[in-house]
Amino acid sequence: MPATGPDFISLQARDLHASQAFYERYLGLVRSPAGPAHAVVFDTKPIAFALRDVVPGTDLDSAARPGIGAAIWLHATDVQAIHDALVADGHPIVSAPLDGPFGRTFTFADPDGYHVTLHDRA
């Protein structure tokens, strides 16, 4: 039986509570009541997005940046406002906003260094 497509995205976070606060504050994500104690699952659709404690044996500090080679894209309704809030608070922007086939897009680095791209075209 073939796989039917992505169903869950999870990033390992050095400080779960700080990362949760970041995603709630800047992206407006809301925590779902689902999920184990070592993770924060957000109420996102159609694919669940979560943060979790670092898996034992994983050394995020040894990589140039976590998630290198993976593309993490999230849809947002007001990409420019999120960008502006991140800039105002001094968070790193990896690529500036531009308009393209996925609407307004930009990429930021989250508290653990993951590069996350936001776009506004559904």
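A: Start with a cut-off. A residue counts as exposed when its relative accessible area is over 50%, as buried when it is under 20%, and as partly exposed in between. This is a predicted model.

Aspartate 61 has a relative accessibility of 59%, so it counts as exposed. Its partner is arginine 14, and the closest N and O atoms of this salt bridge are 2.9 Å apart. Arginine 14 sits in the loop between strand S1 (8–13) and helix H1 (16–27), while aspartate 61 sits in the loop between S3 and S4, so the pair ties together parts that are 47 residues apart in sequence. Arginine 14 has a relative accessible area of 40%, which means that it is partly exposed.

Arginine 14 also forms a salt bridge with aspartate 112. Here the closest N and O atoms are 3.0 Å apart. This pair links distant parts of the chain too: aspartate 112 lies in the loop between strand S6 (103–109) and strand S7 (115–119), 98 residues from arginine 14. At 7% relative accessibility, aspartate 112 counts as buried.

Now move to arginine 25. This residue forms a salt bridge with aspartate 89, with the closest N and O atoms 3.0 Å apart. Arginine 25 belongs to helix H1, and aspartate 89 to the loop between helix H2 (79–88) and strand S5 (93–100). The two residues are 64 apart, and their pair links distant parts of the chain. Arginine 25 counts as exposed, at 60% relative accessibility. Aspartate 89 is partly exposed, with a relative accessible area of 38%.

How many salt bridges are there in total? The count comes to five. Among them are the pairs of arginine 14 with aspartate 61, arginine 14 with aspartate 112, and arginine 25 with aspartate 89.

S2 and S3 form a hairpin with five residues between them. They pair in the antiparallel sense over four bridges. Phenylalanine 42 has phenylalanine 49 in S3 as its bridge partner. In S2 (residues 39–42), Ala39 and Val41 point one way, Val40 and Phe42 point the other way, and all are buried.

Key: Residues numbered from 1 in each chain as written. Predicted model: local features only at pLDDT ≥ 70, side-chain atom pairs only at ≥ 80, totals over all residues. Heavy atoms only, no water. Buried < 20%, exposed > 50% of the residue type's maximum accessible area, 1.4 Å probe, protein only. Pairing = 2+ DSSP bridges. Salt bridge = Lys/Arg side-chain N within 4 Å of Asp/Glu carboxyl O.
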